[in-house]
Amino acid sequence: MSTPPPPAPGAPSQPYCAHGADPDNNPLGCHGTHVPGHTACLAHLTEADRDAYLAGLTPGADINHCGTSFTPTLLSQLLDALRHPATGQSRLGDASFDEAEFSGGAEFGGVEFSGYASFAGAKFSEDARFGGVKFSGGAWFVEVQFSGDADFRGAEFSGGADFRGAEFSGGANFGAVKFSGDAEFSAVQFSGDARFRGVKFSGDAGFLRVKFSSGASFDEAEFSRGADFGEVKFSGDAGFGWVKFSGGDAWFVRAKFLGAASFAAVQFSSGAWFVEVQFSGDADFRGAEFSGDADFRGAEFSRGADFRGAEFSGGANFGAVKFSRDAEFSAVQFSGDAGFRGVKFSGDAGFLRVKFSRGADFGEAEFSRGADFGEVKFSGDAGFGWVKFSGGDAWFVRAKFLGAASFAAVQFSSDAWFVEVKFSGDASFIGAKAFGDARFEDAQFEAASSFGPMVCAAGVVLDGAVFGVPLTLEIAAKEVNCERTRWDSTATIRLRYATVDLSHAVLSAPVAITAHPAIFTTTTATSGTPVDESLLTGPAGVRVASVQGADAAHLVLTDTDLSDCLFSGAFHLDQLRLEGRTTLAATPTGWHRRGIWPVRWTRRRTLAEEHSWRAQTTGQPALPAGTAPQPRQWRPGPHHPDPALTPDPDDVAALYRQLRKAFEDGKNEPGAADFYYGECEMRRHDHTGTPKSERRLLWAYWLLSGYGLRASRAIGWLLAAMTITVLLLMGFGLPTHDPDPATTGTLHGDKISLNTSTPDPVLHGGWPQRMTWERAEKATRVAVNSVIFRSSGQNLTTAGTYIEMTSRLLEPTLLALAVLAVRGRIKR
């Protein structure tokens, strides 16, 4: 007996028709399964046999027509044979159409599959309509090829639905379909539009590695269990608006959205996984609700990303996400932890009125353009450590930090706005760096015990800020503005390079402002990392611009430059403490001309208010902005040359008087002496509050001894007075010869009475006889003795007696003034 030949490669496992087999071109022929009782498939049965077979079918019958080629007419005949007479609907039991070929339109609309329905490997060359079909059992469309449109609108899949590997060359419409079991679309290719609007997935929905070449719409769909869109590629627009993921997690891991992606008002009841997703078009998550965790780690948004109004009830992780365009998170609510560590925002980042109920971590994020965190509420800790705001301004206006706020090593390339911000916990700006202004107007620091060290190339503005607890501020900046700032507790302010303005500041406790001598470090240990101060140039000293309107009773200034400091309007200046090396403006240098007379200002420490008044009265021109004052000129004030806004001498005198007390309390007698000099100078020039007689007395006091503070002037006058005394004595006071006494006697009986008398000294001779060295030596002895209240014993003429009396009154006074001036300079 001969051995039958082996089956041809690719032959069906069950008996098949083999109609039209050709050993050369088509060795297998028709793959259609035999009709029961026949050796041909339904398509190749004789007409009589086909009619007989169809006539024997009843509604709900099982059929197997795998591999059969169906024309629209043949399919219609088959479905008519299974049509229920009462309902008019075709009803099939178990139906197998695996690898069947539908050459024309395939109309299955309204058909009921009471058993399973298998179309695995089937091919639909034109439109396939399954609208309203009911699949009571499993439905297999594995690797089906739909060359035309595929319409499943309103279909119901009571069992599992498997479309793995299917190809939809035309449009695919699954609108309002109900999948009661699992729905598997993994590796499906949709070349045309794919519509899943209003679909209900009661079981798991698998779309792993699906390719949507055109638009894909899942709007208003419902996923009652897990939904897996991992590695899906959406080449067109993808719509998931108002979708409900109500059961399991929604997985979009490594999906690619090449067009716009809309997730507006979507609801994620469990986890939402968008790890490493690529959004090449606009991504719209407005109003989305994330009830579980939302994970966007490593996602890339090439265009706009809009999350406005979204709600994240669980954790939200945006770690290492890249936003190439604008990212909008305004009015978003994060009920769980929010992670934005390492995120890159290449466009504007909007977080206006966002609510973070727990921790918010933006560590190491990069903002290439503007970042708006206005009115944000951080209920937990907020971390912005090592963040780079490299493009536009960083806005935190009216934000609230109820937990700790960390801005350690943050970099602001432009301005940083913390206006009206509320820091209820610690506020750390250790190593923070700003290339523009750092503005903290009206900010509240309720529990922050330290601020900085912070480096700012422009100004740190603390106007109106409130510090509630003991605090240490360390700032290296060009300017530090503390106008109307309030310290409710003690504060130590260490500054470098800064000009600080304390106008109208409120100091309820001692506040010390110190010029820090060394570069700040990021730790308190001696081995701490130095802060980069390369943004700042010039001397690192601290200048105080103003304490106007402030209560200086609690203010301590250490090693500060007060050359341009305005004190007018301040309170309790007599209680101001000036420690260390205090620098004040000096008088102009060199010789000057006042009318025809040359004048030279004696060197002393002066207040900026005196400079302003003198610059205004002398008619000095205002300095151009940014021009340093010349040492040979007075320094014009900020309101120069307006006389109404320039302090009067009476006002300046009061300032000198109060600050002199501050120097005296600090045991700085030379400084106090300079301020006494300045007080007297202002009183001498005051034509409103100082009487004329007092001004004349002050003028004489100034002329003779510089208000008892210029020893050289008093000594000069003393020497001049002594010289005049000597000359007057030589010319009029010393007699030509000392008179010889003469004794006469009178004899009265045996007694004799003697009487000795000296004649009055007489001056004879002309001027050559009077102006001799001998007479000069005698006159000098008389003048020197007069200085120390001693009588020389020299015989003098009547005029000489009066000259000596005058010198004994005037010259000791001048000597006392000189001694007083010397004492004022050396006393400590």
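Q: Let's start with the helices. In which hand of crossing does H5 pass H6?
A: A left-handed one: H5 makes a left-handed crossing with H6. Keep in mind as we go that this is a predicted model.

Q: How do I read the angle between H5 and H6, and how many degrees is it?
A: Look at the two axes where the helices meet. Those of H5 and H6 come within 9 Å and cross at roughly 135 degrees. Angles over 145 degrees would count as roughly antiparallel and 65 to 115 as roughly perpendicular, so H5 and H6 are oblique to each other.

Q: Which residues of H5 and H6 meet?
A: From H5 (669-684), the contact takes in Tyr676, Tyr677, Cys680, Glu681, Arg683 and Arg684. Facing them in H6 (692-705) are Glu694, Arg695, Leu698, Trp699, Tyr701 and Trp702. Sorted by class, this contact holds 7 nonpolar and 5 charged residues, with no polar ones.

Q: Now for pockets. What shows where empty space is left?
A: The general idea is to roll a probe the size of a water molecule over the atoms. Here, the largest pocket holds about 1,200 Å³ of space.

Q: Which residues lie nearest the centre of the largest pocket?
A: Look for Thr499, Arg543, Asp564, Thr627 and Pro629, out of 39 lining residues. Strands E69 (471-481), E72 (499-501), E75 (542-546) and E79 (585-586), along with helix H3 (608-617), each give two or more residues to this lining. Its classes come to 20 nonpolar, 12 polar and 7 charged residues.

Q: How much space lies in the second largest pocket, and which residues are closest to its centre?
A: The second largest pocket has about 600 Å³. Its lining counts 25 residues, and Arg594, Val599, Trp601, Arg614 and His685 are the closest to the centre. Here you meet our helices again: H5 and H6 each give two or more residues to the lining, as do H3 and strands E80 (591-594) and E81 (597-600).

Q: Let's turn to the backbone. Which residues does a cis peptide bond join?
A: The angle to read is omega. Between Gly452 and Pro453 omega is about 10 degrees, and the bond is cis. You can find Pro453 in strand E67, which covers residues 450-461.

Technical notes: Residues are numbered from 1 along each chain as its sequence is written. This is a predicted model: local features need pLDDT of at least 70, side-chain atom pairs count only at pLDDT 80 or more; totals for chains, interfaces and linings use all residues. Side-chain values use heavy atoms; hydrogens and water are left out. On a 1 Å grid over the protein atoms alone, a cavity is a set of points where a 1.4 Å probe fits but cannot get out, and a pocket is an open set with protein on both sides within 12 Å along at least five of seven lines; lining residues have an atom within 4 Å of a point. Grid points are joined across faces, edges and corners, and a volume is the space filled by probe spheres set on the points. Helices (H or I, at least four residues) and strands (E, at least two) are DSSP runs, numbered from the N terminus. Ala, Val, Leu, Ile, Met, Phe, Trp, Tyr, Cys and Pro count as nonpolar, Asp, Glu, Lys and Arg as charged, and the others, Gly among them, as polar. Axes are lines fitted to C-alpha atoms, for helices over the stretch in contact, and angles run from 0 to 180 degrees between N-to-C directions. Angles under 35 degrees count as roughly parallel, over 145 as roughly antiparallel, 65 to 115 as roughly perpendicular and the rest as oblique. A crossing is left-handed if the near helix is turned anticlockwise from the far one by less than a right angle, and right-handed if clockwise. Contact means heavy atoms within 4.5 Å.
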